[in-house]
Amino acid sequence: MNPAIELIKIDKSFGPVHANRAVDLRVERGTIHGIVGENGAGKSTLMSILYGFYEADSGEIRVNGEPVRIRSSADAIEAGIGMVHQHFMLVETLTVLENVMLGAEGGALLARGTARVRAELRRLSDDYGLVIDPDAEVGDLSVGLQQRVEIIKALYRGADILILDEPTAVLTPPEAEALFGLLRALRAQGKTVILITHKLHEIMAITDRVSVMRRGEMVAHLNTASTSPPELAEAMVGRRVLLRVEKGARAPGAPLLEVEGLSVADMLGVFRVQDVSFQVRAGEIVGIAGVAGNGQSELLEAIAGMRPVAAGTIRFEGRELAAEDRDPHELRRRGLLHVPEDRLRMGLVPQFEAFESAALGFTDDPAFARGPLLDHGRMVEDLAAKMEKYDVRPPSPRLKTSLFSGGNQQKIVLAREIERGPKVLLIGQPTRGVDIGAIEFIHRRLVELRDAGVGILLVSVELEEVMSLSDRILVLCGGRLTGERRPDGTDERDLGLLMAGVEDAA
Amino acid sequence: MDALSSVLVVLDSTLRLSIPLLCACLAGLWSERSGVVDIGLEGKLLAAAFAAGAAAHLTGSAWMGLLAGIGASVALALVHGFASITQRGNQIVSGVAINMLAAGLTATIGNAWYGQGGRTPPLEGAGRFEGVLLGHSALVYIALAMVPVTAFVLARTRFGLRLRAVGEKPAAVDTAGISVTALRYAAVVVAGVLCGLGGTYLAAALSAGFLPGMTAGRGFIALAALIFAKWRAWPALGACLLFGFLEAMSIRLQGVPLPGIGEVPVQAIQAMPYVITVLLLAGFGGRAIPPRAAGVPYVKER
């Protein structure tokens with residue numbers, strides 16, 4: 001039997017960046033095939049080529065043994081390929097029905113196609129349990145349901161081969177389980193699934209075969225049953241990595257940050273954080289777990305002084321912060337530093353040269369001043385030293401910030417904040433978009449800070465990260481704390497229930 | 001009897017003054033629902049008015065004037081499309097350029113051709129649109145018919161669905177295998193046709209010939225009406241009738257003292273459309289949310 005997909009010597013460059021080099025891939029029909037690799041390894045580019053978003057510079061694509069030319073998404077759909085993008089390609093102001101129809105309306109007037117889509121939606125809900133309200137507006141649906149709409153869209157267009165790009169990044173663990181159940185059902189019906197992910201446990205849990213990419217090249221094709229997470233990680237990075245963070249026993253000291261009854265409202269007056277209380281002590285990492293959008297960002301920003309507090313108190317080093325003290329600049333001066341979640345929007349100025357980005361918030365530091373002017377020479381030297389210490393590549397302080405990779409940008413922000421000697425460090429999504437090598441470094445650095453007596457409040461949507469770094473884990477759901485755990489007294493299922501809002505019985 | 005006839009006169013001129021607004025407003029609706037911001041409505045109206053005035057004078061046929069008006073307006077619409085869709089330029093800058101271009105070119109060419117300070121010669125007989133029903137010309141009824149047509153096409157047809165989608169999230173349209181560029185050009189051309197209709201109405205029905213600057217900011221009031229109507233066709237009709245009514249009142253109330261208030265300055269009434277729009281934007285009467293992708297050129301992300 002011919003394989004469902006065969007890619008032969010696919011090559012693609014974006015200017016000087018060689019995103020895919022002579023990539024070969026063979027995906028058998030009726031299997032779930034995983035593709036893993038670090039950020040920037042070329043997975044998404046490869047799949048975009050397969051889905052016609054870009055055209056390869058050279059190479060051949062065969063679908064079911066037939067050579068095909070895929071120049072647009074329309075060609076890919078024609079060839080029976082469907083894609084569920086990481087960032088959903090849904091129009092939020094349209095209904096589920098309209099989104100499913102878009103591009104496959106079945107006539108100049110919508111009326112006839114509407115009836116067909118309704119019938120098909122009923123069939124899919126019977127066959128796979130893909131239940132959905134056709135008339136709901138997509139913007140009102142949960143992320144999990146939106147993803148379901150994406151899958152239905154692909155199936156409605158007759159996809160036999162389904163590509164999913166990081167599908168679990170936005171899901172709670174129970175939602176992810178449900179998705180895997182669906183993928184297994186699709187496989188049982190003879191459909192082929194390509195799963196792009198960087199989560200090794202997902203590869204192990206659901207795929208039949210797995211291909212590993214590194215720096216634009218395919219470096220391994222393995223049977224899932226005969227491989228292991230360490231082997232995959234090594235193939236991804238090219239050297240042995242520790243998947244677990246090594247850290248000693250904790251010796252927490254006095255409470256540094258005390259939050260009591262904190263509520264935060266957004267611009268529309270909707271409460272995003274409600275009545276949250278906790279402490280962060282010296283020498284302790286407190287992790288906040290939760291599905292993105294459950295109040296973590298608002299909590300972090302409120303403590304950092306970037307958002308008004310609706311109710312409750314915040315104490316720093318035992319003293320209550322009055323409203324006028326809750327100013328980011330004042331707080332940073334006092335040792336409460338903040339590495340924001342979205343480094344490109346809040347932590348850096350992409351158009352600035354790196355040394356300028358690395359001085360943000362500290363431009364009134366006398367060390368950077370020459371009279372009323374900034375001393376560029378000293379700012380460059382300062383960053384050069386930090387770049388060496390944090391292994392930022394390339395170590396060029398005068399390079400434009402946006403030209404560094406995500407991991408290296410993150411290291412620049414971390415170096416800026418950590419090297420100021422924080423007493424409390426607030427850190428959001430420390431390793432989002434960061435590759436495995438840099439993740440390891442960042443995690444080690446955070447543990448070092450903890451051991452040096454810094455109190456760290458960590459917010460991350462990566463459950464593994466929260467579990468391996470934290471000394472205590474708090475779970476947020478809908479802006480409320482739904483439970484507290486110690487990492488050795490919990491597992492993903494337990495945290496998943498708390499993240500889904502099942503209140504702690506204990 | 002006198003009061004009744006005053007009311008009728010005001011209502012009659014409300015309709016007349018609303019028509020150019022309505023055409024421009026619907027034009028803006030088509031363009032912006034597809035994601036192309038169009039502040040060049042004013043320029044397209046003006047160019048259409050000039051072309052219609054000149055062509056109707058030359059041929060003696062108002063319908064030839066309409067054809068020329070639509071042609072001129074569509075040509076400018078394509079310039080805007082090329083700048084903002086193909087070249088992914090700034091849509092505001094392109095729109096402003098079109099307004100300036102139309103204001104300058106019509107006056108200059110008009111003066112060179114006719115030597116009357118930019119006017120076109122007065123239109124007579126078949127060179128003007130005459131009333132066909134209740135004293136209103138065919139253009140009025142065509143423009144009014146465009147309201148249900150627009151509403152129907154947007155809500156019930158394939159083209160309308162794709163258009164609404166491309167104004168909200170072009171990437172979703174692209175990945176569904178549909179050309180974003182073709183859709184947006186189509187919308188921009190429809191906007192050109194509608195502005196052509198409105199401009200022709202100004203020069204060959206409301207007046208009898210082109211006058212420099214005769215659009216007098218109607219393209220901008222139409223944009224205000226578009227926001228007021230939240231980018232929907234039937235409310236757009238309501239908004240344009242309201243703004244047309246205010247314009248009619250400002251003419252009617254010139255120099256007339258109102259009991260208890262005294263003489264209301266004309267400017268105060270003329271400012272009403274803008275005041276209403278500002279109040280709306282400030283959050284009264286619900287939020288006006290534009291199509292999400294409006295003003296953003298579509299670039300495939302890396």
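Two strands are taken to pair if DSSP finds at least two bridges between them; helices (H or I, at least four residues) and strands (E, at least two) are DSSP runs, numbered from the N terminus. The model is predicted: local features need pLDDT of at least 70 and side-chain atom pairs count only at pLDDT 80 or more, while totals for chains, interfaces and linings use all residues. Residues are numbered from 1 along each chain as its sequence is written, and chains are lettered from A and ligands numbered from 1 in the order in which they are written.

Chain A contains an open sheet of 6 strands with mixed pairing, in the order 16-19-20-13-21-22. Strand 16 (336-339) and strand 22 (480-485) of chain A form its edges, each pairing on one side only. On average, neighbouring strands of this sheet are turned by 20° against each other, direction ignored. Within the sheet, strand 13 (residues 284-289) and strand 20 (residues 455-459) of chain A are joined in the parallel sense over 5 bridges; A:Glu284 has A:Gly455 of strand 20 as its bridge partner.

Helix 17 (residues 492-499) of chain A packs on the sheet and touches strand 13, strand 21 and strand 22 of chain A, its direction making about 35° with that of strand 21. Axes are lines fitted to C-alpha atoms, for helices over the stretch in contact, and angles run from 0 to 180 degrees between N-to-C directions.

The contact between the chains (C-beta atoms, placed from the backbone, within 7 Å) takes 22 residues from chain A and 19 residues from chain B. Helix 6 (158-168) and helix 7 (170-175) of chain B each supply at least two residues of the chain B side, and helix 6 of chain B gives the largest share, 6 residues.

Note on methods
Contact = placed C-beta atoms within 7 Å.
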